[in-house]
Amino acid sequence: MTNYLEVRDLSKQFGDFTALGNISLDVAEGEFVCFLGPSGCGKTTLLRAIAGLDPQTSGTIRQKGRDVSGLPPAQRDFGIVFQSYALFPNLTVADNVGYGLVSRRQARGAIARRVEELLAMVGLPDSGPKYPAQLSGGQQQRVALARALATSPGLLLLDEPLSALDARVRLRLRHEIKTLQRRLGVTTIMVTHDQEEALTMADRIVVMNHGAIEQVGSPQEIYRRPATAFVADFVGSMNFLAGTLETPERVKIGGLAFACPAQDGLAIGSKVRLSIRPEDVRVRDLPADVANRVAVEVAELDFVGAFCRAALTVRTDGDVAPDVALVADFSSNLIRDLGVDIGSRLDVALPPDRVRVYAA
Amino acid sequence: MSLAAPTPKIALRINLSRDDLLMRVGLVALVGVLLLIVALPLWALLAKGFEDRDGHYVGLANYVSYFSTPALFNSALNSFHVAAVCTAIVVPAAFLYAYALTRTVLPGKWLFQGISLIPIFAPSLLPGLALVYLFGNQGFFKAMIGGSIYGFDGIVIAQVFYCFPHATMIMVTALATADARLYEAADALGASKIRVFFTVTLPGAKYGLISAALVVFTLVITDFGIAKVIGGNFNVLATDVYKQVIGQQNFSMGAVVGMVLLAPAALAFLVDRLVQRKQVALLTARAVPLIPKPKFGRDLFFTAFCTLVSAGILAILGMAAWGSLIKYWPYNLSLTLGNYEFANFDANGWESYFNSLRMAAGTAIAGTALMFVGAWLNEKTRGFGAIRGIVQLLAFLPMAVPGIVLGLGYIFFFNAPNNPLNFLYATMAILVINTVAHFYTVGHLTATTALKQIDPEFESVSASLKVPIWKTFGRVTAPICLPAILDIAIYLFVNAMTTVSSVIFLYAPDTKLASVAAVNIEEAGTTAAAAALCLVIVVTSATVKALHLMADRFLLGRLQAWRRR
């Protein structure tokens, strides 16, 4: 299968600063891809290079087999939605949506029908005669979406489209955009710094940092098997325990040894970081011979609603080892059933298949 | 497909779209225009200073003779002296007045605000004429002041009147941007009123004060009309230029004096730019605007102060108005409209007024179009950084150049026989061009500010929708900026009506302007008719401004329903 979008060795320099370094990336037709990363990681720069708005310094971009690397935005095929909506405030909603249709010399009636259809599609069938300022933020963003889709572009670019919205509206629009994208099958790239947004919406996530790609993968892969410590830390919560790799399958932390999946990439004896997600720390029904069992004491317990986030200190030989600390998520049931409270002592296990090891 | 092989790095060739190309051509054309109407005339002036009367290169000889002629050099000292004294008077007064308008509960605030703006609508010679009536050789109050009003004192009083609105506007802007929470915090910390003033109010207005001082200083040094009317034998730089050029036909020396005049104005401008750059936004989007609460003692004091200042402004305007209606000052005080029959005093009669209207309208239309489209090209062209930098520089240059200096440069540049553009000389067109150039900076800045406030992604969106950028300019950008466009047009109109300095060298008998005619009539000794002509100018520009305000409120409200939420 050929890729819809092929980015090869893309670099962008701002003077001495490298905003993007040798990015290569493929996007399949109909795919929903998220560029995820902290601010300044280059995700928006990459999106704008793909659009041709801020051309790259070097590298090529092919869209549907056509080399668009040096083309101005008007000669590329994309629709774009910005965080600021960028709706024309002096035009009605209908005129905004029809903005790109009018210049295509279509008949007035055909344009009006298409605009109506688009507005119905984004759930604003009666808002045509209104001005953008009369709409709420979420409604304005839907209009922007309708405008971007009006000319049926092959590629939809979304630049932090939900960041300016209230939390509740954001959740609803997330779902709506995703549904719409699936229905239309339009290849979509969305830039976001919100990991939850990326995890729920994307078919594939591209995690970026310092102008480079850290990992590309499905949301499950990114969350379950983060390729780097950066990804592990940026996406979701993660415990990091500093230690030494004793054998390919064992990490030594203080006086404790932990089993881990076989590490071939790391030298024996090198400094490593052992990681595990708070929700993967097991408490209940530990078999007698369970691997990676540790005795802990609950130091803090933060109520987060559906569960409690517990700060645990590891005890070795009855003593507290203050430099080894863990965070674990305990469900409300568990806390009630086991009577967990601050100061409680209990045994937990770090399942080896949930443990990941990174070079320190 | 050999995707595995590393792609060789080739330098990327960016294709320009038709929009990009059009805009770049437009920018280059703009640079050409600005070079022609600003830079080259100044260059001609600079070159002229190194020539003798016959056009031979003489090096610094003219400058040497300037600085060794005490009479000429004294004018420079006089200019600085007057400017320093006026600045010392106007800035504190404007600060207090602006403080009253923004930070106290003033009855009839809009009226006080309006009165403070009146001098802007008058040619600068109007306060001079009023002072002649009041304190001149046949003035009502001549006996009261002991000496003669002609000279230093007269210039200072008239300049204070003339510069007051400019300083006040700057101070109002500086003081209006206050965050109420700073004051609440200071109160909560138990700071005394005096301490709050010196630690919160004054630092907030610091840059405004510096800016106002520089503007007043420059206005006084470069103004020509006031010193002309009421300067007597007290020579200043601006009148020296006029005397050298018109009186003695000594163009080279005129050019030298012009350069001497340019130096302080340019310096003040540079300092102002540096200061402005340091200013950070004091008012963030989250600031809570300060709404003054009534306080009897303070409000009473400031009401009295504003009444006094307003009375002074109205007295000067009123005196000019009354003088213009009097038959024969001070012997026959019966009223007449005879002084408005300008044909009796100047060959052009009312025609000069209609010339002014034509010139002002032409400047407003051509200037607004050039400034707005120019600013738009400069803001929205992709890449092309070097040329955009040049545009920015050329657009800022006129602010640093006194009108009389620019006017002189125009003579040298456009009157040169080998200049293919010299057919423009002595036409209405050159007056319009000169006035557009003279006031270019403010218009450019207004347009740039307005353009910066609209979403920068409009152009990205239109490009993605394959709509040409000029279409978005017409359908979206320009309509959104309509209030700013009107502001620029009115600013140009009013200034074109009142300007004297830059056009005094450039008019021909049939293109004489009202402000210039007023200077000529005054020179011929008919103060009443000169005052009458000034009054006509005041009424015209004030009416236009009033119409603008009404249009802003009513017409725009209807045309721009989209602004309402």
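How many residues of chain B are in contact with chain A? The count is 28 residues of chain B, against 33 residues of chain A. Contact here means that the C-beta atoms of two residues, placed from the backbone, lie within 7 Å.

Before going on, a note on the source. This is a predicted model, where local features need pLDDT of at least 70 and side-chain atom pairs count only at pLDDT 80 or more, while totals for chains, interfaces and linings use all residues. Residues are numbered from 1 along each chain as its sequence is written, and chains are lettered from A and ligands numbered from 1 in the order in which they are written.

Back to chain B. Helices (H or I, at least four residues) and strands (E, at least two) are DSSP runs, numbered from the N terminus. Helix 18 of chain B gives the largest share, five residues.

Now the sheet in chain A. Six strands form an open, mixed sheet in the order 6-7-8-3-9-10; two strands pair if DSSP finds at least two bridges between them. Strand 6 (79-82) and strand 10 (212-217) of chain A are the edges, each pairing on one side only. Within the sheet, strand 3 (residues 32-36) and strand 9 (residues 204-209) of chain A run parallel and are joined by four bridges. A:Phe35 stands opposite A:Val206, which is in strand 9 of chain A.
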